[in-house]
Amino acid sequence: MREIQAFLSNFQKEMNWEISEENYKESKASILHNYMLLTTEVSEVAEEFRAIFNKTYKLATVEGMDEKEAFQMAKDLHKENIGKELSDCIAYLVKFANYLDIDLEESFYQKMNEVKLRTNKDQS
Ligand SMILES: [Mg+2]
């Protein structure tokens, strides 16, 4: 994760895609803009899953293929695209982490430990 954060820090500088640190107003506008770009990428992941479900339906229901095979074929067909969209999401998430100087690797394992230890209200 630290490697990815360092890579993206350089990449964003190179592309001139950093969150503005000009002043509060510029930073706020830049953060909101990047947040919208992140949500756009999240919706692109949903579009890919929707395409998988549509393809599975077409192969299984319309063309009579075994549903399990159809689903696998659809996943295989969209795997590369979903990888790209998930990568877009990661790029924006890491951009926010870099802007705030957050060590995502440390934060991630801390959070997962919190999740593991927290009481599940549904089970108590
Ligand atoms: Mg995308």
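Which residue caps the N-terminal end of α4? Keep that question in mind while we walk through this predicted model, and we will come back to it at the end.

Let's start with the overall plan. The chain holds 4 helices and 0 strands, so its pattern, read along the sequence, is simply α-α-α-α. For its overall dimensions, picture a box of roughly 60 × 45 × 25 Å along the principal axes, filled by the C-alpha atoms. The radius of gyration is 20 Å, whereas a compact globule of 124 residues would have one near 14 Å.

Now look at how the helices sit against each other. Two packed helices are described by the angle between their axes and the distance between the axes. Take helix α2, residues 24-62, and α3: their axes are 8 Å apart and form an angle of about 175°. Because angles over 145 degrees count as roughly antiparallel, α2 is roughly antiparallel to α3. Sorted by class, the residues in this contact are 24 nonpolar, 5 polar and 9 charged.

Helix α3, residues 67-99, also packs with helix α1, residues 2-15, and here the angle is about 90°, with the axes 10 Å apart. That makes α1 roughly perpendicular to α3. You can find the contact in the structure: from α1 come I4, Q5, L8, S9 and Q12, and they meet I90, A91, V94, K95, A97 and N98 in α3. By class, this contact has 6 nonpolar, 4 polar and 1 charged residues.

Finally, turn to helix α4, which runs over residues 104-117. Its 14 residues reach 20 Å from the first C-alpha to the last, close to the 20 Å expected at 1.5 Å a residue. And the cap at its N-terminal end is D103: a side-chain oxygen of D103 lies 3.1 Å from the backbone nitrogen of E105.

How values were computed
Residues numbered from 1 in each chain as written. Predicted model: local features only at pLDDT ≥ 70, side-chain atom pairs only at ≥ 80, totals over all residues. Heavy atoms only, no water. Axes fitted to C-alpha atoms, helices over the stretch in contact; angles between N-to-C directions. Helix = DSSP H or I, 4+ residues; strand = E, 2+ residues; numbered from the N terminus. Parallel < 35°, antiparallel > 145°, perpendicular 65-115°, else oblique. Contact = heavy atoms within 4.5 Å. Nonpolar A, V, L, I, M, F, W, Y, C, P; charged D, E, K, R; others polar. Expected span 1.5 Å × (residues − 1). Polar contact = N/O pair within 3.5 Å; in protein donor to acceptor, adjacent residues only side chain to side chain. Rg over C-alpha atoms; globule rule 2.2 N^0.38 Å.
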